[in-house]
Amino acid sequence: MTTDHPDQEQHQDQEQHQDQEQHPGQGQHRDRNQGREQHRFHLPSGSAARGAYAVDIDPEGAGWDRSALRVLELEPGGVHPLVTGDSEWIVLPLAGGCTVRIAGETFELRGRESVFSGVSDFAYVPRGARAEISSGAGGRFALAGAKCERRLPARYGPAPEVPVELRGSGTCSRQVNNFAAAGTFDCDRLIAVEVITPGGNWSSYPPHKHDEHVPGEECELEEIYYFEVQDGGLGYHRVSPSRDGGTDVLAEVRGGDVVLIPDGWHGPSIAPPGRTLYYLNVMAGPGEERAWLIRDHPDHRWIRDTWPDQPIDARLPLYTAHPSPGPEVTP
């Protein structure tokens, strides 16, 4: 009987390791490719910051044509200029209130304590404009944007007029604040909503997509998810490929994280037990009609058939639109 010398065994292990590095198997290629996908499409808090913006995503940086998101953080007494260029923007308070001045008009946004405390009012700022955002007490403000063609008038969006929808049922129950959904607030290209998912529930479920134009069934929309988690913690978000080489992401998301969705089946978004998950969706696309048309993943669409037999989660609505003194607008 012969026994390999320990040095020989070590040498064989090293050769095998070197061979794996030089000639990785398909599994290793897949892991490395998925790692690159994660880095490109999941942007942890702080990784997309620039200047005054805690998040600054423009179409060029995202690698697509229209959708944009900025999260502006202002210290008490802070003032920030906004030049809209070829995009339309909505200023949405996430925490705190602000004043938006544009073309001789002033919109006082009451805002809210946090995204978990109430619906917020907002201001629409058109393309080709110069605006100023200021806040006496300071705060955090989302700027949801989209490249567009039409120049619409600047407007105020009152909180009481934001439709609050309860979607799904059972453990798929979630709340949708449709402040700039298609059909609820007039924009040229921009579509934006907020989604609130109670702890332990799944939203963006069943997985769905909107990455191709199918008349009457599906429209092409680029989408941004911006996340916050009540009282800290984490959630999970999945994007699976709808085509060869498509977007493939499984992200552990925390407050301030962003996921970009140029294509693919997206969902679920999973809220951790005991923690409410919030995300802001920003969408825009090339279609002539501003619409949100989706197709469910064929392996998961059956879940919708179970909803009528289950009650909506009793924790919802987390809140409804509250009375507001209305905009203070000066000519």
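I am working from a predicted model, in which local features need pLDDT of at least 70 and side-chain atom pairs count only at pLDDT 80 or more, while totals for chains, interfaces and linings use all residues. Residues are numbered from 1 along each chain as its sequence is written, and side-chain values use heavy atoms, with hydrogens and water left out.

**Cysteines.** I looked for disulfides, taken as pairs of cysteine sulfur atoms within 2.5 Å, and the count came to zero. For Cys148 the closest cysteine sulfur is that of Cys187, at 8.9 Å, which is too far for a bond. I then checked accessibility, where buried means under 20% relative accessible area, exposed over 50% and partly exposed in between, with a 1.4 Å probe and protein chains only. Cys148 is buried at 4%, Cys219 is buried at 10%, and Cys172 is buried at 7%.

Leaving aside residues up to four places away in sequence, Cys172 touches Arg167, Trp202, Tyr205, Ile303 and Trp307, a contact being heavy atoms within 4.5 Å.

**Sheet.** I traced an open, antiparallel sheet of seven strands in the order β1-β19-β16-β21-β13-β12-β11. β1 (42-43) and β11 each have a single partner strand, so one side of each is left without a neighbour in the sheet. Pairing requires at least two DSSP bridges between two strands; β16 (residues 222-229) and β21 (residues 277-284) have eight, in the antiparallel sense, and Phe227 has Tyr279 of β21 as its bridge partner.

**Charged pairs.** I counted 20 salt bridges, each a side-chain nitrogen of Lys or Arg within 4 Å of a carboxyl oxygen of Asp or Glu. In one of them, the closest N and O atoms of Lys147 and Glu60 are 2.8 Å apart. Lys147 lies in strand β9 (residues 139-147) and Glu60 in helix α3 (residues 59-62), so this pair ties together parts that are 87 residues apart in sequence. Lys147 is partly exposed at 21%, whereas Glu60 is exposed at 53%. I also noted Glu165 with Arg167, at 2.9 Å between the closest N and O atoms, and a network of salt bridges linking Lys209, Asp211, Glu212, Glu218, Arg243 and Arg295.

Methods
Helix = DSSP H or I, 4+ residues; strand = E, 2+ residues; numbered from the N terminus.
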